[in-house]
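Let's take a walk through a protein model together, from its overall build down to a few single residues. Please have the structure open as you read.

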Amino acid sequence: AVLKVDASPQHARKIPETLFGIFFEEINHAGAGGIWAELVSNRGFEAGGPNTPSSIDPWSIIGNESVISVATDRSSCFSRNIIALRMEVLCGDCQAGGVGIYNPGFWGMNIEDGKNYSLVMYAKSLENTELTVSLTSSDGLQNLSSATIQVAGTSNWTKLEQKLVAKGTNRTSRLQITTNKKGVIWLDQISLMPSDTYKGHGFRKELVSMLLDLKPQFMRFPGGCFVEGQWLRNAFRWRESVGPWEERPGHFGDVWGYWTDDGLGYYEFLQLSEDLGAAPIWVFNNGFSHNEEINATAIAPFDILDSLEFARGSTNSTWGSLRVAMGHPEPFPVKYVTIGNEDCTKKFYHGNYLKFHRAIREAYPDIQIISNCDGSSKPLDHPADIYDFHVYGDSNTLFSMRNKFDSTPRNGTKAFVSEYAVSSNGVGRGTLLASLAEAAFLTGLEKNSDVVQMASYAPLFMNDNDRSWNPAAVVFNSWKQYGSPSYWMQTIFRESSGAVLHPVTINSMYSNSLAASAITWKASNSSFLRVKIVNIGSNPVNLIVSTTGLEALVNMRKSTITILTSKNLSDENSFSKPTNVVPVTRELPNAGEEMFAFLGPYSFTSFDLAL
Ligand code: AHR
């Protein structure tokens with residue numbers, strides 16, 4: 001059996017710089033309780049709804065009703081999130097440790113020895129009083145840090161700030177706010193942030209690092225269904241998610257079933273894209289939720305034009321100046337927007353789409369506009385630079401979809417495979433099999449990258465405590481994380497964006513279970529040829545890999561082979577075995593234009609030849 005690589009320049013084609021990126025959706029607590037490092041859940045007490053008294057979940061009360069009475073009211077100093085907590089302490093010198101409230105964060109706060117935490121909160125008390133703020137174990141018994149804060153008696157709200165240094169590690173801690181003074185105190189907008197976030201921008205460092213390792217060329221955000229909502233009132237609204245965090249109302253993401261304070265808002269999404277070196281792709285709601293449709297006559301595109309002014313506008317524009325006030329004088333280079341999510345079949349999609357398209361094209365002619373309608377089989381009936389394409393299915397589906405774009409018209413609208421994943425039929429929590437089928441699918445996208453401009457796996461993140469959509473590329477809890485086999489598979493494609501593609505032919509009795517591609521690229525003054533081969537079959541395959549047309553000879557000493565495989569197709573990674581299925585790299589002693597290759601059953605192999 002032979003695999004031939006034609007590396008001659010006349011048959012080479014450049015792959016778009018943007019080919020592989022990420023899709024960040026607020027799903028599975030990816031943001032709130034995830035990459036956004038805020039430790040307090042429901043920091044403004046708004047999650048229980050606007051009618052009072054409302055539930056304060058997940059806050060809980062310390063002390064019984066004979067000593068403390070706690071309820072929400074509408075007395076906040078922030079008009080867009082008017083709910084505050086009223087706490088009446090009925091005793092003086094109540095009980096050891098005092099009475100009050102605690103917040104367990106998102107399934108426990110990760111507090112680490114020696115680290116600094118910044119607490120900010122707002123309080124109001126008519127009498128002078130005293131609060132103790134502490135970080136404790138989940139039962140309150142282990143004290144990791146505490147401080148006493150004096151609150152001066154006044155009818156105004158006061159902003160209180162306190163640094164807390166942890167003197168122990170506890171992965172499931174809680175924040176306590178207690179007092180021993182009789183009287184009434186109101187509390188609102190309580191935030192606890194670790195001080196060592198990525199670039200000080202509020203993102204969990206170790207999760208950012210996993211994204212950086214993918215070298216994402218773009219970041220699509222913030223959804224997904226999160227953009228639509230089951231009901232429009234619960235859709236993501238960028239305007240409500242910018243400006244001072246204390247003034248953001250937050251909202252209930254009703255598709256994935258949880259509240260978010262919107263600390264990770266439109267600005268922070270743009271900041272994260274910038275920190276990752278990824279082009280932002282802003283997906284906005286264009287009048288549809290899962291259950292409602294608004295007709296174009298009732299839609300004003302101004303809202304979205306304002307969002308673009310926020311990102312790109314000059315420092316003295318209305319919305320650009322808010323960006324400056326938030327700390328980013330330079331524009332965020334938004335070059336792509338997507339009008340809606342999976343809304344093509346909605347009755348008013350075309351009308352609404354055209355209204356947005358016209359307005360954006362006129363104001364920002366350089367912005368690439370992405371439609372929700374599939375143009376892979378027939379041309380779109382409306383103007384668009386790119387169309388969205390989503391594919392979920394079992395491993396057979398993804399494997400066979402590697403040929404999906406082979407017959408797509410070459411000169412039409414470009415494709416963005418913005419969501420792909422093996423997600424059904426024994427996918428477990430993300431298996432080797434899923435990653436092999438997806439790898440084969442991606443070799444097909446590379447091959448068709450004259451029409452496929454971009455691709456991203458979905459979903460990206462999952463908090464292990466909220467597996468609403470399974471599997472995801474990166475799984476985490478309050479303090480640790482691991483990549484699924486699909487995550488590791490993507491690392492083998494990270495050099496493909498902007499590389500040069502070379503034609504590959506396979507001649508083997510097992511070619512039905514093989515998929516392959518070849519690229520060359522340059523990195524720090526060296527050139528490489530990478531030949532990737534997926535063997536999704538149960539038979540080992542012996543191949544001669546024969547390369548013609550190379551401009552430089554292979555440097556055997558620096559060539560490597562990387563293999564992603566495991567004993568069983570159903571093998572996964574987990575917190576206890578985070579590296580059960582990961583790529584393993586070693587030297588490739590027989591590297592050359594003509595080399596013998598052994599492909600193990602169920603394997604994904606990358607031959608990296610230094611040139
Ligand atoms: O990735 C999960 C969901 O799948 C997305 O929110 C949606 O766009 C798709 O249906």
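What follows starts with confidence and overall build, then moves to the sheets, the ligand and some backbone details.

This is a predicted model, in which local features need pLDDT of at least 70 and side-chain atom pairs count only at pLDDT 80 or more, while totals for chains, interfaces and linings use all residues. Residues are numbered from 1 along each chain as its sequence is written. The mean pLDDT (the predictor's confidence in each residue, from 0 to 100) of the protein chain is 97, and 100% of its residues reach 70 or more. Strand β32 (residues 555–565) has the lowest confidence, with a mean of 90, whereas strand β15 (residues 218–221) has the highest, at 99. The scores for the model are ipTM 0.99 and pTM 0.97.

Now for the overall build. An automatic or database domain assignment provides the bounds: domain 1 covers 2–15 + 499–610, domain 2 covers 22–37 + 198–398 + 420–456, and domain 3 covers 60–194. The centres of domain 1 and domain 3, taken over C-alpha atoms, are 56 Å apart. The protein chain holds nine helices and 35 strands; these are DSSP runs numbered from the N terminus, with helices being H or I of at least four residues and strands being E of at least two. The radius of gyration of the protein chain is 27 Å, close to the 25 Å from the globule rule for 611 residues, so the chain is as compact as a globular protein of that length. Here the radius is taken over C-alpha atoms, and the rule is 2.2 Å times the number of residues to the power 0.38.

Strands count as paired if DSSP finds at least two bridges between them; β18 (residues 279–284) and β19 (residues 336–339) have four.

Elsewhere, the pairing is antiparallel. Strand β5 (residues 68–73) is joined to β6 (residues 84–89) by six bridges, with Ser-69 opposite Glu-88. β6 also pairs with β14 (residues 183–194) over five bridges, and there Arg-86 stands opposite Trp-186.

Next, look at the ligand. Its surroundings include Glu-25, Gly-223, Gly-224, Glu-342, Glu-419 and Trp-469, where a residue is near if its C-beta atom, placed from the backbone, lies within 6 Å. Gly-223 and Gly-224 are joined by a cis peptide bond, with omega about 15°. Gly-224 sits in the loop between β15 and α2 (225–228).

Two residues other than glycine are worth a look for their positive phi: Ser-524, at about 35°, and Tyr-602, near 50°. Are they buried (20 or more other C-beta atoms within 10 Å of their own, with C-beta atoms placed from the backbone) or exposed (12 or fewer), with partly exposed in between? Tyr-602, in the loop between β34 (594–599) and β35 (603–610), is buried, with 23.
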